[in-house]
Structures are given as C-alpha cells and as structure tokens.
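The tour goes from one selection to the next.

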Amino acid sequence: MPLPPELDPEAVQRWRASSGAVVDLLVQARELGGVSAVRLGPLPTVLVTDPGAVQHVLALHPDRYVKRSHRARVLVGGGVLSATGEPWKRQRRLLQAQFTGAGIRRYEQRIGGAARRAADHWAECARTGTPTDVGEDMRFFALDTIWRSLTGHPLDETTNRELAAVEAVGAALPATPSASADAAGLRAAVAADLARIDAVAGRAIAAARREEAGPEGPGLLHVLVDAGRTHPEYTDQLIRDELVTLLAAGHETTAKTLTWLYLLLDRHPEARRWALGAGAAGSPEREKALRALVSETLRLYPAAWLIPRHATEDDTIAGYRVVDGTDIFVCPYLTHRDPALWPEPERFDPERFTAAGEDRRPSRHGAYYPFGTGPRACLGAQFAMRETTVLLEHLLPAFTPSFHTTPASAVFGLTVRPDGPTPATITPTPDGS
C-alpha cells in the first residue's frame, strides 16, 4: 500500500519563488493522479480530485476527515461553517429546516423583491445610458436577498456600505489553511472591518430581541434569537457568528457565481439565446435551462473551489496510504476540469446539464460537487439555486450587459473570483431576443 505520489519538493520551492499561485501548484500535483501529495509542511498535503476518493473523504468517512481550523474562523467565529463535533450537529439541525424546499418557500417573496429591485436598477441604467459594474450589482442583489431573509428588511445603502467589510475580510483570508499566517496577526489586520461587521450584527440582533419584525415579517435571525430562549449555548456571540456566517456564505458565493455567469455569457451569447428559447417565461422548460446555465457556471467556477480536511487516523484512499495528521485538500475546481471525466472540460456547455446532454457529464458520484457533498455539504445550496434562477428570470430576457473590460484571470482565495471590476453598459432587449 504505497503513499500517494508526491510532487518533487524542489518543484514546490520553485513554484513558491516564481508564481505564488496556489492553484498552479495543485494543477501540477493533479498531473500525478486523482490522489497525490505536495509537501507543504512536515507531512505531505494530500490532494484529492478522483470522484471515488472525493466520496471516500467527504461522504463516506466524514468522521475520519474533519475540519480542523477553518480559514474563515476570524470572520465567522463559531458559526455552523467552522463548528465541529456536537456543536456543529446542533447548529446544523436548527438551520436545516430553513433551507429545505418548504423552508425556502417562506422566503420566495423576499427573493422576488430583491430580483425586481435589481431589474429596476438595470432598467434605469439602460434608460439613462449610465454604466454599472455587473459584479457589484450581483453582490448587492445577493446581499439584499440574504438580508431580507434574515431580518425582514430590504437592504439599505448604509448597511450595504458597512457590510462591504464582509468581502474585505474574505479577500484577506488565505487561499489554504496551510498558507495561514498567525490568526492574531490576521485579526489585527482586519480589525476595523470586523468592528463594522460586529456593529451591524449587534444592531440587527438587538432589534430581533425586541421582536421588531421588518416590513417583510420576521426573518431567520428571529429563529436564532428564539433558540437562545431554550438553548443556553445560543448566546449573543453565537447568534452573531451564525448571522455573519449566513451573511458571508449566503451572498458572496452567489454573487461570484452570477458574475462569472454573465462573463461567460458575454463570450458565449448563443447560450443566452438557447436558454431563452427553451420555453416561455415562467415555464418549467425555461427554468431547467436557467438552472443548466448556473450548473455549468458552477462546474467551471465552483462556489467552494477547495475543501480542506484533516485525517484523524491512518487510512487508505484509492489504494494509497494516508497517515493520521495529514491535511487533505479536496478540489472541486480540478475535478470539474478533468478531461478524463468531462469532454472538452474548459468549454462552457450548459446543455451538459440537460437530458439531451447526459452523455457529456459523468455519472459517477463525486465528479460534480460545487457545494461539497456528504453531511457537511452546503446548507444553502437549494436557496442559492433558487435565488440565481429567479434573478435570471428577471434580467436575462430584458437586458444584455456590454462589458467595457473583462478580468483577464481568476483570483483563488476563500472563493474563486474575477480579478478586477466588471464595468458594463446595459442594453434593453424587450423582445427577449
């Protein structure tokens, strides 16, 4: 039973001296196979991209491969994203019901309100010829949606400006846990942004404790506050951590997905025509096509591009020996671009995710997992798919953004995001063409 093939340590040093891009190193390691190793510290870090190995780590043996120290802990504290063990189980159970199909229906009007607001903004930009930044518009929509769902209030401009600090802290976080500086140093560097986030969270929690429902009724934050009345572990600190977790995880990944989608549609206008031609507005056929656009975008730019785990015992993955204490990187970004799994993996082909495109996507479990898989899969996956398709129902038939410039590359941090702004002029297309 061999150890996973390991990238030459000298190659790692050359990479560190030359490019400084984590993904470059992982691409090199993947060339050794679906389970490979890179020595970033005393023990090799094992990279997992093979579907069977992905399932082994994330779905079949989550007790052997655990979260140890989440990169976002400085931002989200003990929220459900970073919690482990019994606390995680309790927190997950409380939130799970809010993100099932039935739970999401409670927030349908709030999602629709945020989408209409985004459409009104683009309509005004189109009428006046005023340029806008598509990425910023997608960020505002996603933040508006989750803020309405949490508090019952539409997002106001002051709160929007204050919560820009969430993205600022996220951008400062390391791409991998092994690249982390000391937590105290990182916290000091983002202290002002954390203070702004804490102030917004504190005001929202205080309002929920006073049972001040917003104009759209009580929100998810009220569920957390109510939990504190019967579960003493739901202190103001934990409620703050869950609130910030839901804000961060609930808007940034959705905003980045929608931004990537519009950049892809700019290069592939035929995909827009295909989706709109799939069926009438509001029809199941149209909705399936919109979901396919989102699914293919998530294949190329998965919401969580790297999923770290830590081995708690000796084990075997795909015939290779893994030693207790080894760090594991499961990488959807590389699995989704593996030519052995996906024909023409670099090509944007949303029809892969239709019945007609079944032969162009793998059937193996663990070959497609943009929201993770197993018991720690993203809690808000259904919510994210619903809000993205609702927004596209409002924007895609009516408007086309013409980008002035487009980012030349991607930045791999906590999420994978475009490297630069996305300014555009909005053109109305009232006939849906």
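The stops below cover a helix, a serine in a strand, and a sheet in this predicted model.

**Stop 1: helix α2.** Select residues 22-30, which make up α2. Colour Val22, Val23, Leu25, Leu26, Ala29 and Arg30, the buried residues of this helix. Now turn the view to look down the axis of α2: the buried residues fall within an arc of 155°, so they line one face of the helix. An α-helix has 3.6 residues a turn, so residues three or four places apart point the same way.

**Stop 2: serine 36.** Go on to strand β1, residues 35-39, and pick serine 36 within it. Is serine 36 buried or exposed? Its relative accessibility is 0%, so serine 36 counts as buried. Show the side chain of serine 36 and draw a distance to the backbone oxygen of alanine 29; the value is 2.9 Å. Alanine 29 is one of the buried residues of α2 seen at the previous stop. Next, display what serine 36 touches beyond four places in sequence: Pro4, Pro5, Ala29, Arg30, Thr45, Val46 and Leu47.

**Stop 3: the open sheet.** Select β4, β12 and β9, three strands that form an open sheet in the order β4-β12-β9, with antiparallel pairing. Which strands are at the edges? They are β4 (132-133) and β9 (399-403), each of which pairs on one side only.

Zoom in on β9 and β12 (residues 423-428), whose antiparallel pairing runs over five bridges. To finish, select proline 401 and look across to β12, where isoleucine 426 stands opposite.

Note on methods: Residues numbered from 1 in each chain as written. Predicted model: local features only at pLDDT ≥ 70, side-chain atom pairs only at ≥ 80, totals over all residues. Heavy atoms only, no water. Buried < 20%, exposed > 50% of the residue type's maximum accessible area, 1.4 Å probe, protein only. Helix = DSSP H or I, 4+ residues; strand = E, 2+ residues; numbered from the N terminus. Arc of directions from axis to C-beta. Polar contact = N/O pair within 3.5 Å; in protein donor to acceptor, adjacent residues only side chain to side chain. Contact = heavy atoms within 4.5 Å. Pairing = 2+ DSSP bridges.
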